[in-house]
Amino acid sequence: MNYRKISLFVFFVSAYLDISAQDNRPMQKMDWFEDAKLGIFIHWGIYSVDGVSESWSFFNNYMSHDNYIKQLAGFTAKEYKPKEWAKLIKEAGAKYSVITAKHHDGISMWNTKADKAITTLQDAATKEDLITPFVNAIRQEGLHTGLYYSLPDWSHPYYDIFTRYRKRYQMTNEPSRWNNYVKYYQQQLSELSEQFKPDLIWFDGDWEHTAEEWKSQETLNLLRKYNPNIIINSRLNHHGDYETPEQGIPVTRPDSKFWELCYTMNDSWGYQPFDKRYKSSNMIIRTLVDCISMGGNLLLDIGPKADGTIPGEQLEILKQLGRWTRKHADAIYGTRAGIPFANYSGKSALSKDRKTLYLYVYEKKPELLLKGLVNYTAIKTVSVVGDIASKVNLKSADGVVQLDLTKVNFDQDVTVLELNFAEALRWEAPKDTKVTLKSVLDNPVTDRALLQIASALHVGNNIFNNSGLTVDGMDTQLGSNSEINSTVLNWIKDHAEALYETGEGLPEGHYEGLSTHSKDRQTLYLFVEGKPTGPIALKGIKNGVARVRLVGQGSMINHEVFNKLYWSTIPGIIYIETPAERLDKNMTVIAILLDAPIELYREKVGAIESNL
């Protein structure tokens, strides 16, 4: 090979390596974000003075802009202790935090020099730059920094939109005025980049203008000039790095490799004193698990008061969240999406090398099953995360792994099992196992027999068709030989309505267990194993709920819907309380009567478009 050929070879190899490095850079910069799993969102601004909706309260004409702005005089932040905030966020288990630097109301929380800006330093009672000490405190705790920035500024004279009913001007008539606004917001982003060097910019409000009008690509280039590894959410007219579903927990995994659910503890982002609809810490922990199992992050919101203190309910949730994250750190950070529901009827996650499988258990029960694990013989150890005293015995046969949980100390919220494999886990769709009515009735292990029934019904195999089972269980003739498990037979009779002519259950994502539905599809039946540690959760049910009751008992039980936003088509999440004293000792069945035949929401969940 002569010198010229060697030179050309080196040139092409170098060019290839350079292109490869560029291709890998976006993935590398997302590593910390994908590993983080939990962040804390902070909505803090003058809206906390009167406890009104942030920015939207004047935009929607719920109050005048003049009265909204008067809150500047009451925004004291006199008890603001950013070091304590940062410590609290870290102790909750978060790896990053995103704070509102400027919301749609245009109040800048730092000492911006941008033209005609309203700032907490110059215009609020606090007379302080509130972002600088927080960013410093977050960094001292070793956490990543995110800054929320609203593209619109409904208070700024250069911005075209003022309220829902008023515009300052038409862009086509005054293009120079709009260009002045673009310069204004880009200057603010330059300031934020120079002063705080954030790891992440969390945009909002992009729906009011097109990418061309925002000059989104120009803005992105500007940010990358300061930090080539800056991470941007999807709300810069799709110029970002990850999706940001809001409030609605995805039913199925979003299309984007990187995504983050932003989520409130009650129904409000900022502090509102009369909003007491707080989710329990158990609900929040299980929401985190839901995100983890689908490979995403949870960005959990807090709304401090005007003086800088954090409401007690929010502090308690963060405390309980921290208890769980400290105990189960190995099963949270750095994990990836888990195995399909068909292989494990619950939530799961995998380590990056897929040699460790984490199983999240929502109820206290004697056993769980794994199906379709191709290399199940490679399991080396099984343990309970955070509890060395608990023991799990394993048996396997015909591709089914049975985990005995009778010696497990269950966590008060979510128990996590860790299965270590000698090689990367591989799985496939489970093979159909022939379940017959006879095999169920002859099964001496009651729990396993009932699980066989629930599993068969869930996939549409109704073993009771033409069996002699009646709709009310009375006069049922299923056999009476000495080998029949009488406990199973009696359970079948007591729960006949959930078994008689019922059809295939909910597809993956809507419920963390097995289910079936009535012939008219208007009653949904949920099979509940063991004793749940919290309320039963249902996602993506478009219908209204008429009533909920326990099958075989007639007892009505309570349910509550969270996160059903009136302006959104995404259904809320239904939480169903399960009274411990009424649970069936073998398997409980819950009947949910809907207002019409069941309709499911399984659409793609992305960023919010408009908060009308």
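**Before selecting anything**

This is a predicted model, in which local features need pLDDT of at least 70, side-chain atom pairs count only at pLDDT 80 or more, and totals for chains, interfaces and linings use all residues. Residues are numbered from 1 along each chain as its sequence is written, and side-chain values use heavy atoms, with hydrogens and water left out.

**Show the whole protein**

Draw it as a cartoon: there are 16 helices and 28 strands. Helices (H or I, at least four residues) and strands (E, at least two) are DSSP runs, numbered from the N terminus. The radius of gyration of the protein is 28 Å, close to the 25 Å that the globule rule gives for 612 residues, so the protein is as compact as a globular protein of that length. That radius is taken over C-alpha atoms, and the rule is 2.2 Å times the number of residues to the power 0.38. Along its principal axes the C-alpha trace spans about 90 × 80 × 50 Å.

Of the 612 residues, 58% count as buried. Buried means under 20% relative accessible area, exposed over 50%, and partly exposed in between (1.4 Å probe, protein chains only).

**Select residues 367–371 and 400–407**

These are strands β16 and β19, which run antiparallel and are joined by five bridges. Two strands pair if DSSP finds at least two bridges between them.

Lys391 stands opposite Lys407 in β19. Now look at the turn: β18 and β19 form a hairpin with two residues between them, and Asp398 in the turn has a positive phi of about 55°.

**Move to Ala101**

Select residues 96–102 to show strand β2, where Ala101 has its place. Is Ala101 buried or exposed? Ala101 is buried, with a relative accessible area of 0%.

**Last stop: a distance**

Draw a line from the C-alpha atom of Ala101 to that of Leu419; the two are separated by 43 Å and lie 318 residues apart along the chain.
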